2 protein chains.
Amino acid sequence: MSVLIVGSIGLDDIKTPLEEHKNLLGGSASYCAVSAGFFSPVNLVGIVGEDFPKEHMALFESRQIDLEGLQIVPGETFRWSGEYMWDLNTRETRSIALNVFEHFTPTLPANYKKPAIVLLGNIAPDLQHHVLDQVTLPRFVVADTMDLWINIAKERLVELLARIHMLILNDSEARELTGETNLIKAGHKLQNLGPGYVAIKKGEHGCLLFGQEGEFFSCPAYPLTDIHDPTGAGDSFAGGLAGYLAKHTGDSEITFDNLRQAVVYGSVIASYNVEAFSLERLKTITQTEIGERYDMFRRISQL
Amino acid sequence: MSVLIVGSIGLDDIKTPLEEHKNLLGGSASYCAVSAGFFSPVNLVGIVGEDFPKEHMALFESRQIDLEGLQIVPGETFRWSGEYMWDLNTRETRSIALNVFEHFTPTLPANYKKPAIVLLGNIAPDLQHHVLDQVTLPRFVVADTMDLWINIAKERLVELLARIHMLILNDSEARELTGETNLIKAGHKLQNLGPGYVAIKKGEHGCLLFGQEGEFFSCPAYPLTDIHDPTGAGDSFAGGLAGYLAKHTGDSEITFDNLRQAVVYGSVIASYNVEAFSLERLKTITQTEIGERYDMFRRISQL
């Protein structure tokens, strides 16, 4: 089965305390799609300008990513510039140029409209709603979000929660959205807003997965010592998770065990992604490496 | 086998945003000893004044805790008063009265001097050294510490690290002691200072265990929603861990698997401890409850 992915596609300038690189492939949908592509075919919905480098298109095409839903329009591609502080945990946006993204309407090609798995990557809730308006009976809808939308579009985000099966967000966002300090209470509050499943990402502390009837999974973080660029960690987590679900769930109901495995595979892809800038590491990892790191996750959490 | 435990024994006044209680049993050795007592006999080394309530002595006696090493001297028992902030994660010491603890010299009875397992509870590194000076060939020495000793007795603490098998400390202390932001690097740096094993406690995020030749275990946190008093969480973790080791390791070498299980049982005891003030919850938990929560730890971390 394939996964329908919508999100931003952009060109990033990124500065860390040790390195600075410009004109990198970025955007939530780029990370999501390439990450999902390790597991399943992807139908990608997004927008780029005519300046979007051909090499990035070639990367997408080489990864079982269908581009019929990718709009290429006159003008410049979305641009983001950010800087990470000394501990790589906090970052500041230095500039944003929406460019062609400003008037993006995610219109789905006819053959994208009956997706099994939908991943609403991190974009404005209005656009996420618009995608859901066009699909018929999706099996499982996952949505990612960020603090920006909690701040400027909270109402639309909360409306979205009633339309999705699973929400992915980080710990500070979960606290902000629910007003709960305790992450377990925050997870349960989010479930009460709609999604049967909630994944709270905690960076170096791993991830919490909340399921039905008290089902709960605490996924460890891979013990990384050499992080080069945290950009896209959340997107590659979501992409790996959605791609795994599309590959490993047939016509039967998606179970908590499926989701637990999906969270681990998402964590595997995210842990590789931060080892290099942009999608550089995603370009080189092999199925063997994915398997090896999965085994490592199992080993470090086994009682 | 029994475990030798040294630490403070005191009477606490504790205020949280919702409750305030006075004259509670407290001190690192109290929590350590009662927690270890769920698994093995304890030889307790500490000091109290003649005002120390008989009910607390009765509690110790009811829990396979030998009191020959407990000094009861004229004067008042050590007192601590603290207040927790709104999220229960930060606390302020409101007052300390060392009282009889000021001139405490931990002198071991003759039959305490060949211990299998030693737990140096959280007290001044000088006192921890003094205990080690008196024991012969202990199988396994665990030391707990706190930020205070890093700040005022760092040199003696670092000297201690060369004399112990395992160090337990929390994440901010690990960062402070090593100057490393990355907890994985911090763990490895601490190992290079002496202890073959390091456990870094992360509160609501669980615990990391570092072993030999890259051995590593990420222990989840129990998903608590109802924390009443965090006091003694670290001490009960250390006590449960040391007690488990004393019970489950015979004459053979202590393995990483033993330590992994010990970390989980320590986490089980600590997770119960914070459900009520002082040692109230430790007074009531049963072996069945310990087993149930252990199973829960297994279930929430199983891949």
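**Figure 1. Packing of helices α1 and α8 in chain B of the predicted model.** Axes are lines fitted to C-alpha atoms, for helices over the stretch in contact, and angles run from 0 to 180 degrees between N-to-C directions. In this predicted model, helix α1 (residues 28-36) of chain B packs against helix α8 (residues 233-248) of chain B at an angle of about 40°, and their axes are 7 Å apart. The crossing of α1(B) past α8(B) is right-handed. On the side of α1(B), the contact is formed by B:Ser28, B:Tyr31, B:Cys32, B:Ala33, B:Val34, B:Ser35 and B:Ala36. These residues meet B:Asp235, B:Ser236, B:Ala238, B:Gly239, B:Gly240, B:Ala242 and B:Gly243 in α8(B). The contact of α1(B) with α8(B) comprises seven nonpolar, six polar and one charged residues.

**Figure 2. Crossing of helices α8 and α9 in chain A.** The axes of helix α8 (residues 233-248) of chain A and helix α9 (residues 256-273) of chain A come within 7 Å, with a crossing angle of roughly 140°. The helices α8(A) and α9(A) are therefore oblique to each other. Their crossing is right-handed. Residues that α8(A) brings to the contact include A:Phe237, A:Leu241, A:Tyr244, A:Leu245 and A:His248. Among those from α9(A) are A:Gln261, A:Val263, A:Tyr265, A:Val268, A:Ile269 and A:Asn273. By class, the contact of α8(A) with α9(A) holds 12 nonpolar and nine polar residues, with no charged residue.

**Figure 3. The open four-stranded sheet of chain A.** The strands of this open sheet follow the order β3-β2-β7-β8 (chain A), and their pairing is mixed. Strands β3 (20-26) and β8 (91-97) of chain A stand at the edges; each has a single partner strand, so one side of each lacks a neighbour in the sheet. On average, and with direction ignored, neighbouring strands of the sheet are turned by 20° against each other. Strand β2 (residues 10-15) of chain A pairs with β3(A) in the antiparallel sense, over five bridges. Within this pairing, A:Gly10 is placed opposite A:Gly26 in β3(A).

**Figure 4. The hairpin of β13 and β14 in chain A.** Strand β13 (residues 207-210) of chain A and strand β14 (residues 216-219) of chain A run antiparallel and are joined by four bridges. Opposite A:Leu208 stands A:Ser218 in β14(A). Five residues lie between the strands of the hairpin, in which A:Glu213 adopts a positive phi near 50°.

**Figure 5. The contact between chains A and B.** Chain B places 23 residues in contact with 23 residues of chain A. On the side of chain B that touches chain A, the elements giving two or more residues are α7 (183-192), β14 (216-219), α9 (256-273) and α11 (287-301) of chain B. Of these, α11(B) gives the most, with four residues. The side of chain B that touches chain A has 11 nonpolar, six polar and six charged residues.

**Figure 6. Superposition of chain B on chain A.** Chain B is superposed on chain A by a rotation of 180° with 0.0 Å of shift along its axis, at an RMSD of 0.0 Å. This is the relation of a two-fold axis. Both copies use the same surface, as 100% of the contact residues of chain B recur in chain A.

Key. Residues are numbered from 1 along each chain as its sequence is written. Chains are lettered from A and ligands numbered from 1 in the order in which they are written. This is a predicted model: local features need pLDDT of at least 70, side-chain atom pairs count only at pLDDT 80 or more; totals for chains, interfaces and linings use all residues. Angles under 35 degrees count as roughly parallel, over 145 as roughly antiparallel, 65 to 115 as roughly perpendicular and the rest as oblique. A crossing is left-handed if the near helix is turned anticlockwise from the far one by less than a right angle, and right-handed if clockwise. Two residues are in contact if their C-beta atoms, placed from the backbone, lie within 7 Å. Ala, Val, Leu, Ile, Met, Phe, Trp, Tyr, Cys and Pro count as nonpolar, Asp, Glu, Lys and Arg as charged, and the others, Gly among them, as polar. Two strands pair if DSSP finds at least two bridges between them. Copies are superposed by least squares on the C-alpha atoms of residues with pLDDT of at least 70 in both.
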